[in-house]
Amino acid sequence: MILALWAGNTLSQTSQEVFIHTIAKAAQSGNAESLKIRTWLAQRYVYFRLSPQDQAIVLDLADEYWVNVDDKSFKQVVGELLIKIDEVPPSLVVAQAINESGWGRSRFAREANNLFGMWCYTPGCGLVPERRRANDKHEVKRYASIQDSVDEYLRNINRNKAYIELRELRARQRQRMQLLSGEYLAQGLSEYSSIGAEYVNRIRNIIDSRQLDRLDQQYKVPGYRR
């Protein structure tokens with residue numbers, strides 16, 4: 001596993017940088033896929049010409065990103081998808097990976113490539129938490145790769161109703177033609193953890209103390225115009 005690089009009890013500065021840049025690169029790759037879809041949607045929203053094939057794609061995306069299509073025009077559905085399908089700043093992805101996985105040293109990161117504590121509910125889909133209550137059925141999902149873990153995290157941020165505030169903040173930055181800021185968007189993570197505002201402050205402190213905002217420019221998706 002790639003996490004073997006930093007699975008020891010202590011981490012050198014070099015190991016920390018390897019972790020940071022590995023996760024940032026995975027975030028860039030996942031964001032590139034989101035922005036490819038976003039560009040396709042934006043072109044159709046502006047000119048609003050949807051072939052039957054385009055309509056089928058839009059409906060598939062609506063299903064994937066949990067957009068209710070009932071009593072809505074295709075243009076309304078595309079507009080909602082444009083709010084949901086967008087990048088998440090690498091600084092935010094890395095900060096949460098550091099916090100949730102303990103720099104990749106958690107059991108779930110080492111044994112399941114799970115950096116963000118994502119759950120699943122099919123028996124055998126992941127690892128059973130040691131402190132899981134008797135009546136609970138969830139497992140911590142197993143991923144084939146770090147990229148898969150990051151990709152699902154991005155999808156979760158982009159579609160889960162718990163992160164509506166983050167997406168609204170992101171849309172405002174888009175309207176202002178600003179480079180998306182992980183520290184700013186962290187305000188929308190109060191529902192990510194039971195500790196709420198304390199969690200937001202923790203993530204923002206990681207971004208600030210590690211100067212992770214540098215990643216948002218360094219790992220910007222090439223060729224995408226904000």
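Reader: Strands pair if DSSP finds at least two bridges between them. Which residue in S3 stands opposite Trp119?

Author: Val140 stands opposite Trp119. Strands (E, at least two residues) and helices (H or I, at least four) are DSSP runs, numbered from the N terminus. The model is predicted: local features need pLDDT of at least 70, side-chain atom pairs count only at pLDDT 80 or more, and totals for chains, interfaces and linings use all residues. Residues are numbered from 1 along each chain as its sequence is written, and side-chain values use heavy atoms, leaving out hydrogens and water.

Reader: What order do the three strands have?

Author: S1-S3-S2, in an open sheet with antiparallel pairing. The edge strands, S1 (119–120) and S2 (126–127), each pair on one side only. S1 pairs with S3 (residues 139–141) over two bridges.

Reader: Switching topic. How many disulfides does a search of the whole structure find?

Author: One. Cys120 is joined to Cys125, S to S 2.0 Å; the cut-off for a disulfide is cysteine sulfur atoms within 2.5 Å. The link is right-handed, with 95° about the S-S bond.

Reader: Is Cys120 buried or exposed?

Author: Buried, because its relative accessible area is 10%. Buried means under 20%, exposed over 50%, partly exposed in between (1.4 Å probe, protein chains only).

Reader: Now helices. At what angle do H1 and H4 pack?

Author: About 130°, for H1 (residues 13–47) and H4 (residues 90–101), with axes 9 Å apart. Axes are lines fitted to C-alpha atoms, for helices over the stretch in contact (heavy atoms within 4.5 Å), and angles run from 0 to 180 degrees between N-to-C directions. So H1 is oblique to H4: under 35 degrees is roughly parallel, over 145 roughly antiparallel, 65 to 115 roughly perpendicular, the rest oblique.

Reader: Which residues in H1 meet H4?

Author: Phe19, Ile20, Ile23, Ala24, Ala27 and Asn31. Their partners in H4 include Val93, Ala97 and Ile98.
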